[in-house]
Amino acid sequence: MGIFERMGDLFRANVNDMLDRVEDPEKMVKQIIIDMEKQIKEATQALGQAMASERQAAKQLENAKSTSRDWESKAKMALQAGNQELARKALANKVTADQNIQNFQASFDQISTQTAELRNRVEVLKNKLEEARMRQNMLIARARMADAQQSVATTLSSTDSDSAFSKLDKMERRIEGKEAEAEAFSEMAGDTTFARDEFKELEQNSAVDAEMARLMAELNS
């Protein structure tokens, strides 16, 4: 029964407490399933041996019953032949066979009871293994979520948020300054262009006036 005692200890273990005490809960959960499968394999092998013993005991019991019936038949034949002495010898062998029947029956009943108990326990263990397999994914997902939450918390705690925002503010002020400089240069460029156009217009007007004066002088002469 050592196998089932170990299995009982395994199933009674608090899985969540075990997860808290190991570095890699996911590996631990998978290892628990592997251990359970190994224990059930051993238990199934023990059940197979018990079933083999049960079949052997049943065969011995049936052989003893067959022997008893055979000696009784021979005793009847001896009596029918009028040979009581031979009949007594046959009945003596029958009595021995009947004693063997009692012994084999007791052995078979005991083995049969133990085999039935083993069969029930193995079935219970298999059901618990299926339950554990269904819980496996959930526990692994919880472990991964806990790791993710811990990682985020660690990152946040190690980050100086005030310093980060201060740097962002400083960068924003620098960008605003560059934007203001660019706007000023744009305005200056626009004013220069406007002044250049005015001077060009003045030059053109002077040339026009000069041509006008020349033409008027020619006409007057």
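**Figure 1. A salt bridge joins Arg133 and Glu37.** In this view the two side chains meet with a nitrogen-to-oxygen distance of 2.7 Å; a salt bridge here is a side-chain nitrogen of Lys or Arg within 4 Å of a carboxyl oxygen of Asp or Glu. The pair links distant parts of the chain, with Arg133 in helix H4 and Glu37 in helix H3 (residues 25-80), 96 residues apart. Helices are DSSP runs of H or I with at least four residues, strands are runs of E with at least two, and both are numbered from the N terminus. Are these partners buried or exposed? Arg133 counts as partly exposed because its relative accessibility is 32%, and Glu37 is likewise partly exposed, with a relative accessible area of 32%. For these classes, buried means under 20% relative accessible area, exposed means over 50%, and partly exposed lies in between (1.4 Å probe, protein chains only). Glu130 joins the picture too, as Glu37, Glu130 and Arg133 are linked in a network of salt bridges.

A friendly note on the model and its numbering: this is a predicted model, in which local features need pLDDT of at least 70 and side-chain atom pairs count only at pLDDT 80 or more, while totals for chains, interfaces and linings use all residues. Residues are numbered from 1 along each chain as its sequence is written, and side-chain values use heavy atoms, with hydrogens and water left out.

**Figure 2. The whole chain gives the setting for the close-ups.** The chain has five helices and zero strands, so from the N terminus on you can read its elements as α-α-α-α-α. Of its 221 residues, 18% count as buried. The accessible surface comes to about 16900 Å², and 53% of that belongs to carbon and sulfur atoms; areas come from the Shrake-Rupley method with a 1.4 Å probe, and for residues only the protein chains shown count as cover. Among contacts with a separation of 6 or more, 83% are accounted for by residues 24 or more positions apart, where contact means heavy atoms within 4.5 Å. How many salt bridges does the rule find? The count comes to six.

Figure 3. Arg121 is partly exposed, with a relative accessible area of 32%, and Glu117 counts as partly exposed at 32% relative accessibility. If you look across from Arg121, Leu47 is 74 residues apart in sequence and 9.5 Å apart in space, C-alpha to C-alpha.

**Figure 4. Asp70 and Lys74 form a salt bridge.** The closest N and O atoms of the pair are 3.5 Å apart. Asp70 and Lys74 are separated by about one helical turn because they are four residues apart in helix H3. Asp70 is partly exposed at a relative accessible area of 37%, and for Lys74 the value is 38%, which is also partly exposed.

**Figure 5. Thr115 and Lys94 are buried residues of helix H4.** Thr115 has 0% relative accessibility and therefore counts as buried. Which residues does Thr115 touch, leaving aside neighbours within four places in sequence? Its contacts are Leu47, Ala50, Met51 and Glu54. Lys94 counts as buried because its relative accessibility is 16%. Not counting residues up to four places away in sequence, Lys94 touches Ser68, Trp71 and Glu72.

Figure 6. Lys170 is placed in helix H5 (residues 161-220) and counts as exposed at 53% relative accessibility. Glu176 also lies in helix H5, where it counts as partly exposed at 43% relative accessibility.
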